[in-house]
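Here is a short briefing on one protein model. Keep the sequence and the structure open as you read.

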Amino acid sequence: MDVKQAGPSLDSLISSFNTRIAELQELVIARNMYPASSVPDLSAVDATLKAMELQVQHIKDRLREETHAIPKAKKLIEASLRQQKKLQSISVHVPYHLPERLAVINREPSRCLLPDTSKPDFGLQSLNLEDEAALLPKEKKGRASAPLWYITSDELDSLSSYMRGRLTLDKVNAVINEMSTYAEANAQLITAPRKKLSENMLDRALELREIGSTEAVKGKHFFLETDIKGPSLKLDNTGKAILTVLRHLGRIRETRIGHHRVYILLKPQ
């Protein structure tokens, strides 16, 4: 029920009721002034009283409708306030940089998943099945995408001022998005069929698979320091500060494997 329309309607009923009362008063006065016409006047009084009773019933009905509408209006207001809080929370925590998955898996997007027809095979086809199985361990099918665990404003505010510095939520979450892209690219390269890789990409795939088979990295998404190329994450003071923050907040873990510095993406506890 529209509450805005209910108000004026009730006022109209009350006004009509007051008008009937005034008419009744006039009829009573008229009866005393002219006793001969008292019978017709009494009939008019009866008709007026019946009309007044009908008006009173309409007022009661309208009041009952408005009474029933109040709880519904309260529930609607409460639901609207809850929805408003949810939308405000979403607005605060969702970063400006949304995830953009690469359709390719390294710095040579046009060649990473295609055989290199411009160079000879140099005997790679001569590998037997046992050697190939040893070099290219099979990955589990249906591997999940690299995680995107953005930080919240509360997490950023919880850091000490010297660690947070001038970092903003948007900058840090943009780096998280970029790290996930690096890790996803490596995961695609690791699981790519050997026949679809060029010679130089096969070497990189073998290196990544060797790193991925170590105890510290096995089963996790990771990227190398050499993968970092910006634009959000760079190996400058700001980039190093962001990596420190993400390590502190449990988004990444850093380790060294061979001559590589490896960053492992973690799920926050």
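Contact here means heavy atoms within 4.5 Å. Axes are lines fitted to C-alpha atoms, for helices over the stretch in contact, and angles run from 0 to 180 degrees between N-to-C directions. Helices (H or I, at least four residues) and strands (E, at least two) are DSSP runs, numbered from the N terminus. On those terms, α6 lies across β1, β2 and β3 and runs at about 100° to β1.

This is a predicted model, in which local features need pLDDT of at least 70 and side-chain atom pairs count only at pLDDT 80 or more, while totals for chains, interfaces and linings use all residues. Residues are numbered from 1 along each chain as its sequence is written, and side-chain values use heavy atoms, with hydrogens and water left out.

**Overall make-up**

- The protein has 8 helices and 3 strands.
- From the N terminus, the order of elements is α-α-α-α-α-α-α-β-α-β-β.
- Buried means under 20% relative accessible area, exposed over 50%, and partly exposed in between (1.4 Å probe, protein chains only).
- Of the 269 residues, 30% count as buried.
- Take the contacts between residues at least 6 apart in sequence: 72% of them join residues at least 24 apart.

**The sheet**

- Two strands pair if DSSP finds at least two bridges between them.
- The 3 strands form an open sheet, ordered β1-β3-β2, with antiparallel pairing.
- β1 and β2 are the edge strands, each with a single partner, so one side of each has no neighbour in the sheet.
- On average, neighbouring strands of this sheet are turned by 25° against each other, direction ignored.
- β2 (252-257) and β3 (260-265) run antiparallel and are joined by 6 bridges.
- I257 has H260 of β3 as its bridge partner, and R256 stands opposite R261 in β3.
- β2 and β3 make a hairpin with 2 residues between them. In the turn, G258 has a positive phi of about 65°.
- Most residues other than glycine have a negative phi, and most peptide bonds are trans.

**Helix α6**

- α6 covers residues 169-191. At 1.5 Å a residue, its 23 residues should span 33 Å, and the end C-alpha atoms are 33 Å apart, which agrees.
- The expected span of a helix is 1.5 Å times one less than its number of residues.
- α6 is mostly covered, with 19 of its 23 residues buried.
- α6 packs with α8 at an angle of about 80°, and their axes are 10 Å apart. That makes the two helices roughly perpendicular.
- This contact is made by K171, V172, V175, I176 and M179 of α6 and I242, L243 and L246 of α8.
- Angles under 35 degrees count as roughly parallel, over 145 as roughly antiparallel, 65 to 115 as roughly perpendicular and the rest as oblique.

**Helix α7**

- α7 spans residues 199-212, and its 14 residues should span 20 Å at 1.5 Å a residue; the end C-alpha atoms are 20 Å apart, in agreement.
- The axes of α6 and α7 come within 9 Å and cross at roughly 105°. So α6 is roughly perpendicular to α7.
- N186, L189, I190 and T191 of α6 meet M201, R204, A205, L208 and R209 of α7 in this contact.
- α7 also lies across β1, β2 and β3, at about 125° to β1.
- Buried in α7 are M201, L202, R204, A205, L208, R209, I211 and G212.
- The cover over the buried residues of α7 includes α6, β1, β2 and β3.

**The loop between β1 and α8**

- D227 sits in the loop between β1 and α8 (237-248).
- Is D227 buried or exposed? D227 counts as buried, because its relative accessibility is 5%.
- The side chain of D227 reaches the backbone nitrogen of L224 at 2.7 Å.
- D227 and A185 are 42 residues apart along the chain, and their C-alpha atoms are separated by 9.7 Å.
- P231 lies in this loop between β1 and α8 too. A cis peptide bond joins G230 and P231, with omega about 10°.

Notes:
A polar contact is a pair of N or O atoms within 3.5 Å; within protein, one must be able to donate a hydrogen and the other to accept it, and residues adjacent in sequence count only if both atoms are side-chain atoms.
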